[in-house]
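Have the sequence and the 3D view open as you read.

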Amino acid sequence: MSRRALRRLRGEQRGQEGPGLGQLGLDPGPERAREGGPPPAPGKGPRAGISNRFELIPAEESEDEPVAGEEQLDTRLSQQDTAGGSQEGTQDSSQEGAVAQETDGDGQREEQEPEQQDRTLTTSNKPRKKKKKRKTKKNSAGETVEDNDLEDIESLLERIEDPRLAPQSQGGITTDSRPLLYVEHRNLNPENELKRYFGARAVLGDQRPRQRQRQYVRSMWLTAPKNTWPRYSKTGITMQLLDTRRGVQHFTFEHHREYQQVQFKFLDAVESMDPNNIVLLLQMNPYHVDSLLQLSDVCRMQEDQEMARDLIERALYSLECAFHPVFSLTSGTCRLDYRRPENRAFFLALFKHLMFLEKRGCPRTALEFCKLILSLDPENDPLCVLLLIDFLSLRAREYTFLTRLFQEWESHRNLSQLPNFAFSVPLAYFFLSQQEERPELERSQARERAARLIQLALIMFPSVLMPLLDHCSVQPDARVASHPFFGLNAQISQSPALNQLTSLYVGRTHALWKDPAVMAWLEPHVHEVLRMVEAQDALVQEAEHKRKIRYQSAPRNIYRHIILSEMKEATAALPLEVTSQPVMGFDPLPPLDSIVSYTRPERTSHPSNESTLSLFFRSLLPNFNLQGDIRHDGDDEAGAAQDLNQGVNRLMAAMRDMLANIQFQEPPRDDNPEGDGDWD
């Protein structure tokens, strides 16, 4: 083997090695070959620090497989050792001739060296196969984590987030470690729910190309801004942090002076009873929240649901732009006081938005908004969303959330005393018992709880059964229909407040009970309750005593919820003191203990001492004034008779003008009274 090939194997470049012994007149090669000593290994000599054994390997491969390069070099050296041992006799003469040839033909080899180096590079690189890089990432501790480890971590996270693998409580029903009213941002977007139902292509359609050309808008969680909306500018609404008590932050919205002036104009437009005045106000102030809420109700009454929903979303967008930096939608620890008029618009906009979402077919998103409303004031619940949250949970198939809410709040909120929870919770347990992917023990426990709770509900609220069967178009058997416990007497004897609650529940959730499997499950429990009634069970008498004592009158938040829900069955049962007063869509039934931060200035009104005749003519002629100019000096009584005469004269002149302007239209003449006898 030539010295050039040996130098290439060692990784030395020409000019890096020191003066050889052959150039100094000494040639240790034959003696070393005769002694059988192997050639010096690369990197072991005195010039090891200068040579680079990876010089001939391309930079791309040196990064990919440094280990493979060393193994290939070792195999080549081992092959050289075996070849040197077998051809020991012939190597003496060949090596001497090679040295002599090298000293004579240095010039020729220097010319041929670049070409040979290129060939050796290409030939040595051909059989090598590139290996894919192993991507490594550094964690917080500075250690490298490979892709396989990342995949394991991702699989563990997926298992943790899987609701089927969640920890189980002692009762066998799965529980969640997160707060009860925890709100997820992704569940606030109705498009995410529609994508799960119909796919992204069906939901988005041709919106993707247009979104690339859309101007930059502020990203929001509650609503998505639309291109058709007016350009947003600061409206004069801000949010302030009042205080923090026991880890709970209390916020409030505030109206600046400019917004207060717009609010006064809005109240004037509402009193005019003309929606066009509100439209004109919105043209000047497109993000005035109360105007958007009131005009949304007008559009909904005119069957323009799309415009009504768009106005509510615009109101939410305006309020979200005013959020405090610390205000969080998901933590469940931020509070707003409904007694402040500035905060009511946010409650009402959220409630009306979730009602539109439920009608649109997005119950999961509507449930998330319902949890958000409840988290803003869970103690007082000003809109009484507890009467709605069970229905949304059943529609969204969030049975575990409903049962958890009942278990955690029953002790301090007495949820079982509300008809909606008394019937919806056992229905949720029944649906849980029908899920085949759950363990058999958990399903049997859910079945037992459903049976016990539905019997207690039928005993406590017997007036629910017959209207529920009537709405479901189910004919009860003779025993149930003729029994007085579930008959007409049960509905007549209950109080008006309880009648409102039962009517609201039946009108809202009767569609969930139409399932034949649900009716088959309900029937034996109805007969079991009749058996307990006939046996004069103590539970039946205790429930009757509770119904007489409780439910005497409904609180104001229940009336407010019934008005906002617009359920015909419940609205018809409202008392006269609620239906007789005017109800405005921007503030229905305001609290009696409101905290008012600013008041509306008093308006200048006409004198109230006008006679009935003067008011009558003022209704006919708005510019008519019987008393003429108002005298500020009330002590002057000398011109009283003169004022009376002038008023009468003005009255007579106004009457003459009115009679002179009256024109009677003659009926059209008929030139051919007999007609032509033809009928069209």
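A quick word on burial before we start: a residue is called buried when its relative accessible area is under 20%, exposed when it is over 50%, and partly exposed in between, using a 1.4 Å probe and protein chains only. Keep in mind that this is a predicted model, where local features need pLDDT of at least 70, side-chain atom pairs count only at pLDDT 80 or more, and totals for chains, interfaces and linings use all residues. Residues are numbered from 1 along each chain as its sequence is written, and side-chain values use heavy atoms, with hydrogens and water left out.

Let's begin with salt bridges, meaning a side-chain nitrogen of Lys or Arg within 4 Å of a carboxyl oxygen of Asp or Glu. The structure has 25 of them.

One joins Arg300 to Asp297, at 2.9 Å from N to O. Both sit in helix α13 (residues 289–301), and because they are three residues apart there, about one helical turn separates them. (Helices here are DSSP runs of H or I with at least four residues, strands are runs of E with at least two, and both are numbered from the N terminus.) Arg300 has a relative accessible area of 16%, so it counts as buried, and Asp297, at 7%, is buried too.

Now look at Asp310 and Lys226, whose side chains form a salt bridge of 3.1 Å, N to O. This one connects distant parts of the chain, with Asp310 in helix α14 (residues 305–320) and Lys226 in the loop between α10 (207–212) and β3 (237–245), 84 residues apart. Asp310 is buried at 11% relative accessibility, whereas Lys226 is partly exposed at 31%.

Next come Arg245 and Asp243, which meet in a salt bridge of 2.3 Å, N to O. Arg245 is partly exposed, at 47%, and so is Asp243, at 28%.

Our last stop is Arg364, in helix α16 (residues 363–376). Its relative accessibility is 12%, so Arg364 is buried. What does Arg364 touch, leaving out residues up to four places away in sequence? Counting contact as heavy atoms within 4.5 Å, the list is Glu184, Asn187, Glu193, Arg196, Ala396 and Glu398.
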